[in-house]
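Here is my notebook from a first look around.

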Amino acid sequence: LGGSFGPRLGCDPGGERISYLPVGGFERDLPSDTDDDECGEFQLPPPSSESLEAALASLDAPLTSERWRKARAAEDRMRARCASDSKAVRERLIKLNGHLAHKDKVFLG
């Protein structure tokens with residue numbers, strides 16, 4: 001099951017057969033998934049032009065989801081909060097620097 005280098009998984013590097021699979025495969029194999037493609041129950045008639053038009057008309061509605069609505073609401077709340085926080089910081093700085101003379105102020109912008 002192993003040698004001096006530890007266990008060998010799958011096959012031996014020397015080219016020996018894989019010991020956990022029988023020669024020739026198993027007695028029963030999984031059925032092919034394409035054997036019954038020509039079966040009668042898969043032969044469906046094409047949809048009518050009216051059903052095509054109805055399906056296309058149903059796609060004209062705007063696409064939305066609850067997750068998108070929640071994400072949009074969270075983004076709006078974040079923008080409103082950032083705007084109010086920025087305004088509060090600007091007003092606080094104006095109040096703190098109100099006593100300074102205009103010639104002592106530095107314009108950075």
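**Salt bridges and a nonpolar patch**

I started with Glu 66, which is partly exposed at a relative accessible area of 45%. I am working with a predicted model here.

Which residue does the side chain of Glu 66 meet in a salt bridge? I found Arg 69, at 2.9 Å from N to O. Arg 69 is partly exposed too, with a relative accessible area of 40%.

Next I searched the whole structure and got three salt bridges.

I looked up Arg 79 and saw that its partner is Glu 75, with the closest N and O atoms 3.7 Å apart. Both are in helix 2, four residues apart, or about one turn of the helix. Arg 79 is exposed at 53% relative accessible area, because exposed means over 50%. Glu 75, at 34%, counts as partly exposed.

Then I checked Arg 81, which forms a salt bridge with Asp 85; the closest N and O atoms are 3.9 Å apart. This pair also lies in helix 2, with four residues, about one turn, between one position and the other. Arg 81 counts as exposed at 59% relative accessibility, while Asp 85 is partly exposed at 41%.

Last, I turned to nonpolar side chains. Which residues form a nonpolar patch on the surface? My note says Leu 52, Leu 56 and Leu 59, with about 310 Å² of accessible area together. Leu 52 belongs to helix 1 (residues 49-58), and at 47% relative accessibility it is partly exposed.

Conventions: Residues numbered from 1 in each chain as written. Predicted model: local features only at pLDDT ≥ 70, side-chain atom pairs only at ≥ 80, totals over all residues. Heavy atoms only, no water. Patch = residues over 30% accessible without salt bridge, like charges linked within 9 Å, V, L, I, M, F, W, Y side chains within 5 Å. Areas by Shrake-Rupley, 256 points an atom, 1.4 Å probe, with all protein chains shown as cover. Salt bridge = Lys/Arg side-chain N within 4 Å of Asp/Glu carboxyl O. Helix = DSSP H or I, 4+ residues; strand = E, 2+ residues; numbered from the N terminus. Buried < 20%, exposed > 50% of the residue type's maximum accessible area, 1.4 Å probe, protein only.
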